[in-house]
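I opened the model to look up how its parts sit against each other. My notes follow.

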Amino acid sequence: MDMIGELLAGRLRDPQNGECLTVPVKRVVIEKSLAQSEADLITGLDLPAPFAVVSDYNTYEALGRRVESALAGRGVISIRLPGRPHPDEQTAARVMAAGAKAGSYIAVGSGTINDLTKFSAAQQGKRCAVFATAPSMNGYTSVNVAITMGGHKKSLPAVAPEGVFCDLSVLAAAPVRLIRAGFGDAICRSTAQADWYMAHRLRGSAYRSLPFSLFADLEDAMVEGAGTLTRGDSEAIGVLTRVLVLSGFGMTICGGSYPASQGEHLISHYIEMMGSHDDDAPLHGEQIAVTTLVMARLQEALLAGAPPRLKASSVTLAGLTSHFGDALGRECMVEIMPKLLTETQADELNEKLERVWPSLTGDLGRMMRPARQIEAALGRCGAPTGYAGLGLTHDFFANAVAHAREIRNRYTFLDVAADSRRLEPERYIA
Ligand SMILES: [Zn+2]
């Protein structure tokens, strides 16, 4: 079934409550080529001119020039950002200053350009659309952006692009690192779902199966096509693009990143918080490729055999401040306090684990993709499978796995592993 079309037409219902699902995006077009139709696509959205077209030097060459010349007759403010732009408040300010007189914004790019554009549009109360240039992440259809403010990466509300336009011949010609990154950001469905479902069964937090049912039928094809993704195969790129678009819709529908961001994303957040920020730092999806594999191995290890025996959490403020520094350590303590276990809570959870173990492991077994399958698929598309492929040292990455759970109040298998004293990074990062 064409889930994107059904969703945009308002014909999909939530299986859990029967309600019609709605998303703020009006139109998604994914075609082999969009040449000659750029202006019509924008006209169809009725966006006000002049258009502030935001690109960087690479995305301008890939597609920006084409979009700008197609719209030239209606007024274009060309905003071309130099180098590898960063999604931070300074760059956003630059975009907003240049686009102040625009009627609406059009992003031509992927992660950073998309975030800067959606953020700028939201700040100025303008509408926007995006022409994608790489299938590199699942944020095209999400309403949140990641912007660094005062040195801290923040997830902030933004406007959704009204149109998301994907020319597969452009996406298939994107730099291979970006394509591999997109595959990484998509393959984490398995570990994210397992974490989210486990937290629901064990701790009673909310869970929805809907976001996963949106692309369940596409994921196998995506994994099978992994080997042809970086060889210009627009068929395989189309499948990956649809998965990423639907993954973004899943987050929008759930009002949070839960279905696509759990333990594997916590490890990545740690890498971004504590690692270097050079221009050659690993891309988000490259990190997720590696951290998904770690989480898949860890989940499999914990689910094999008898239920884990939880103990009171051993996290202390002194431990956090010595690892993260005073200010950040204190922030972490406040953030994760709600998920830390007392001895009584650990005992209660142990009783529950005994009770639900057969059905929990059965359900999770049906959701999870085996770690060796994930590793093979990453290998086929040439994505990194270990910390060395991200340019990280063994010790830094081992610390990332060991301390990732301490930065956010999201209960994942990293917590189960830590509280059962089985969080042994060495076992999962080799
Ligand atoms: Zn992600």
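I started with the domains: the C-alpha centres of domain 1 and domain 2 lie 27 Å apart. Domain 1 covers 3–171 and domain 2 covers 178–429, with bounds from an automatic or database domain assignment. This is a predicted model, in which local features need pLDDT of at least 70, side-chain atom pairs count only at pLDDT 80 or more, and totals for chains, interfaces and linings use all residues. Residues are numbered from 1 along each chain as its sequence is written.

I found 30 residues from domain 1 and 31 residues from domain 2 in it. On the domain 1 side, α1 (3–8), β1 (27–31), β8 (163–167) and α6 (168–172) each give two or more residues. Helices (H or I, at least four residues) and strands (E, at least two) are DSSP runs, numbered from the N terminus. I noted the classes on that side as 17 nonpolar, 9 polar and 4 charged residues. Here Ala, Val, Leu, Ile, Met, Phe, Trp, Tyr, Cys and Pro count as nonpolar, Asp, Glu, Lys and Arg as charged, and the others, Gly among them, as polar.

Then I turned to a helix pair. The axes of α13 (residues 284–303) and α17 (residues 371–381) come within 9 Å and cross at roughly 165 degrees; axes are lines fitted to C-alpha atoms, for helices over the stretch in contact, and angles run from 0 to 180 degrees between N-to-C directions. Helix α13 is therefore roughly antiparallel to α17 (an angle over 145 degrees). From α13, I listed Ala289, Thr292, Leu293, Ala296, Arg297 and Glu300 in the contact, and from α17, Ala371, Ile374, Glu375 and Leu378.

Definitions and conventions: Angles under 35 degrees count as roughly parallel, over 145 as roughly antiparallel, 65 to 115 as roughly perpendicular and the rest as oblique. Two residues are in contact if their C-beta atoms, placed from the backbone, lie within 7 Å.
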